[in-house]
Amino acid sequence: MNMQILRLLAFAAFVAIGAPLSAQHPAAAPQGTEQQAAPAAKPPEAKPEDTELWEPVPKVVTPGASNTAPPSDAIVLFDGKNLDEWVSAKDKSPAKWIVTGGVLTVDKAAGNIETKRTFRNYQLHIEWKIPENVTGSGQARGNSGVFLASTGTGDAGYELQVLDSYNNKTYVNGQAGSIYKQGIPLVNANRKPGEWQTYDVVWTAPIFEASGSLKTPAYVTVFFNGVLVQNHFELRGETLYRGQPSYKKYDAAPIKLQAHGDPSEPISFRNIWVRELN
């Protein structure tokens, strides 16, 4: 077999082997004709019912006849008739303040009174009045307080200040609507002496670890005569006349009303009710 025939046979074998290999690699598309990626699938269209919750159904509470009247789930602490819900804060004996004409008036000699029941988180409504003939100035003019949690005798606890702050100058973290010595009220919403004033309060009690250390602080929101004066205010501890505030562990506590020792005429309260909050 001559050389020319051998060369032809070798070339034919090379072509036979290379053809299948080249078939596995498709030829590149001419420039400018690359395949486009398939478009992503459109997400399903949102439906109104996707964000509708049907449970848990809130319980039904019937409002009072007015915005100041107790709703159906309230605990009435004073309705103008008696002091059955109150005791002396000093020794737990029956409260001895004066009830007459549907009004509760402070008896300064009898001392502070507090609720028989204890509370943690709640909504409180309470109305109070400075005597029209009030005398004195500063902290000695219609002084009292609503202790949102009474943690002991005397003035132990967390105080929302009551005072005649209508044209009566004092330190601003001690005027009416203040969280005593801690929270300055956002505005002065006082009415004149002789007119009824209203506090509507949302109290969130502090939470403590088993060791007694603070886990979360207390917060309070206060509307004074319908005007916001404390907006989810964070307390630094119990309210003190002297020194810096600090926390001490408690679980549930009574609500306390203060019989302040200033020489001015005693103030009065009415229409006190509370709603416990989970």
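Predicted model: local features only at pLDDT ≥ 70, side-chain atom pairs only at ≥ 80, totals over all residues.
**Exercise 1. Find what Lys92 touches beyond its sequence neighbours.**

Step 1. Lys92 is in the loop between E2 and strand E3 (98-100).

Step 2. Leaving aside neighbours within four places in sequence, Lys92 is in contact with Val87 and Glu114.

Step 3. Lys92 and Glu114 are 22 residues apart in sequence; C-alpha to C-alpha, they are 8.5 Å apart.

**Exercise 2. Summarise the whole chain: how many helices and strands, and what share is buried?**

Step 1. Count the elements: one helix and 15 strands.

Step 2. Of the 278 residues in the chain, 41% are buried.

Step 3. Take contacts between residues at least 6 apart in sequence. Of these, 66% join residues at least 24 apart.

**Exercise 3. Trace the strand pairing.**

Step 1. Recall the rule. Strands of a sheet pair through backbone hydrogen bonds, either parallel or antiparallel. Here, two strands pair if DSSP finds at least two bridges between them.

Step 2. Start at E9 (residues 196-204). Eight bridges join E9 to E6 (residues 122-129), and the two run antiparallel. Ile126 has Tyr199 as its bridge partner in E9.

Step 3. Move on to E12 (residues 219-224). E9 and E12 also run antiparallel, joined by six bridges.

Step 4. Order the open sheet of five strands: E2-E5-E14-E7-E8, with antiparallel pairing. E2 (86-88) and E8 (157-162) are the edge strands, each pairing on one side only.

Step 5. E7 (residues 144-150) and E8 are antiparallel over six bridges. The bridge partner of Ala149 in E8 is Tyr158.

**Exercise 4. Describe the largest nonpolar core: which residues have the most contacts inside it?**

Step 1. A nonpolar core is a set of buried Ala, Val, Leu, Ile, Met, Phe, Trp, Tyr and Cys residues joined through side-chain atoms within 4.5 Å.

Step 2. The largest core has 47 residues, and Leu124, Tyr199, Trp203, Leu257 and Phe269 have the most contacts inside it. Strands that each supply at least two of its residues include E1 (75-78), E13 (227-234) and E15 (268-276). E6 gives the most, with four residues.

Step 3. Look around Tyr199. Outside four places in sequence, its contacts include Leu124, Ile126, Trp128, Leu160, Val162, Val222 and Phe224.

**Exercise 5. Characterise the largest pocket: what is its volume, and which residues lie nearest its centre?**

Step 1. On a 1 Å grid over the protein atoms alone, a pocket is an open set of points where a 1.4 Å probe fits, with protein on both sides within 12 Å along at least five of seven lines; lining residues have an atom within 4 Å of a point. Grid points are joined across faces, edges and corners, and a volume is the space filled by probe spheres set on the points.

Step 2. The volume is about 270 Å³.

Step 3. The lining has 15 residues, with Asp155, Glu159, Tyr180, Tyr241 and Gln258 nearest the centre.

Step 4. Sort the lining: five nonpolar, seven polar and three charged. Ala, Val, Leu, Ile, Met, Phe, Trp, Tyr, Cys and Pro count as nonpolar, Asp, Glu, Lys and Arg as charged, and the others, Gly among them, as polar.

**Exercise 6. Check the backbone: where is the cis peptide bond?**

Step 1. The cis bond joins Glu55 and Pro56, with omega about -5°. Pro56 lies in the loop between helix H1 (3-23) and E1.

Step 2. Asn225 is not a glycine, yet its phi is positive, about 55°. Asn225 lies in the loop between E12 and E13.

Step 3. Asn271, in strand E15, has a positive phi near 50°.

Technical notes: Residues numbered from 1 in each chain as written. Heavy atoms only, no water. Buried < 20%, exposed > 50% of the residue type's maximum accessible area, 1.4 Å probe, protein only. Contact = heavy atoms within 4.5 Å.
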